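Please open the model in your viewer and keep the selection tool at hand. The tour moves from one selection to the next.

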Number of protein chains: 2
Amino acid sequence: MDDEATRARQELGLLLRRLNVELDAVGQRFADVHELNRTDVRALVAIMDAARRGEALTAGRLGEAVDLRSASVTALVDRLERAGHVRRVRDPEDRRRVGLEMSESAMAAGAEHFGGLARDLVAAMEDYSDEELAVVRRWLEDMTAVITRHPRAEPPA
Amino acid sequence: MDDEATRARQELGLLLRRLNVELDAVGQRFADVHELNRTDVRALVAIMDAARRGEALTAGRLGEAVDLRSASVTALVDRLERAGHVRRVRDPEDRRRVGLEMSESAMAAGAEHFGGLARDLVAAMEDYSDEELAVVRRWLEDMTAVITRHPRAEPPA
DNA sequence: GATAATGTCTCGACGATCGAGATAATCGAC
DNA sequence: GTCGATTATCTCGATCGTCGAGACATTATC
C-alpha cells in the first residue's frame, strides 16, 4: 500500500475521532441542559436502553453498566430520584432488590434529545443507496471489532 | 422510504453509538493503565495534537480545549507535571504565559497506545477499495455535520 | 433454625472542579 | 516614560462525585 493510500486511511481514522468527540458533546449538551453530570446521563441512557429491551434495571446492574461501586450507585440514584427522573421500586419477588423506572418526563426528554438526533441521522442517510450503506455498515463493524480488541492493558514499565 | 430501509439506517446509528462507546473505552483504558483520570487523558491528547501541529499549548488554551476554568487547569497541570508527563515552560516573549511540553515518556506512551490503534485501523482498511473508502468518508463527514449541528440547547420547560 | 451469600445503604474520607480574588506581566493612551 | 486597563496564571476555600469499609435486611443453603 503506497503512502497516498495509507494517508487516506489515516484520515478516516481522524474523521472517526472527530465524530467521536462531537458525539460525546451531544451527551454533554443533554447533561448541561438538564443539570446532570456525565455519569447521570450514562445512567439514564442505560436505564432507557434496558427499558427498551423490556427489563427494569436494578441498582446493582446499573452499577455494572456505568462501572460504579454500590455506594456511588446509591448517591447516583438519589440524585436522579431527587430530580424526578427515576423511581425506586422494591422488587416484590426479592425484596433486597431495587428496580429503577424512568419517569415519563425523563423518557420524553431523552427521546426528544437523542431520538431527534437519530431522526436527523436517518434523514441524512436518505440519499445513500443500499449498496453504499452496506459498505458503511461493514466498515463500522470492522472498525468496532478492531477497537474492541484493542489491548486492555500494557504494563507501564 | 419504506420501513425496512428506515430500520437499516437506524441500525447504522446504533452501530455508530456502539463504536463511540468502545472508542471512549480505549481512552479509559489508557487512563487506568497510567493512573490518570479522563480529564488528564483529554489534556494529554490535546497537548499531543498541538505538538503535532507544531505549537506548544499554553495553560489557558489547554483550558479552552478541555473546557476547564483556570483554577482547574492549574490543578490539572500540577498533576501532570508531578507525574512527569509535562513540563511548564515560561514563554520568554510573554512571561505571563506558561507553555506546556510533553515529556519523552508520555509522548512514547501515547504513541504506543493510540498510535497502535491507528495502525490497526489502517490495517483493517487494507482490503477496502478507494471507491468504498470514498463512500465511507462521505458518510462520516455527513454524519459528523449532522451531529455537530445538533441543537446546543432545548429550554427544559 | 443457624449460617452464608446477596443487594442496597450509611458513613467518613479523598480528590476534581469551581468562583472569587491575588499576583505578575504586558499593552495602550497620554 | 508612567499609569491604568487588560491578560495569564495561580492561591484559597467550598462543593460535589466517588470510593472503601462496614451495617443492615433479605434470601439461599444446610
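Of the atoms of DNA strand C within 4 Å of the protein, what percentage belong to sugar or phosphate? The share is 66%, and the rest belong to bases. This is a predicted model, in which local features need pLDDT of at least 70, side-chain atom pairs count only at pLDDT 80 or more, and totals for chains, interfaces and linings use all residues. Residues are numbered from 1 along each chain as its sequence is written, chains are lettered from A and ligands numbered from 1 in the order in which they are written, and side-chain values use heavy atoms, with hydrogens and water left out.

Select the 22 residues around DNA strand C (near means a heavy atom within 4 Å). Gly60(A), Ser70(A), Arg88(A), Thr39(B) and Ser72(B) come nearest.

In chain B, a side-chain N or O atom of Ser72(B) is 2.7 Å from one phosphate oxygen. In chain A, Ala59(A) places a polar backbone atom 3.3 Å from a phosphate oxygen, and Thr74(A) has a polar side-chain atom at 3.4 Å. Now colour the elements that give two or more residues to this surface: α3 (59-66) and α4 (70-82) of chain A, and α4 (70-82) of chain B. α4(B) gives the largest share, four residues.

Finally, select chains A and B. A rotation of 180° with 0.0 Å of shift along its axis superposes chain B on chain A, with RMSD 0.1 Å (least squares on C-alpha atoms of residues with pLDDT of at least 70 in both). That is the relation of a two-fold axis.

Definitions and conventions: Polar contact = N/O pair within 3.5 Å; in protein donor to acceptor, adjacent residues only side chain to side chain.
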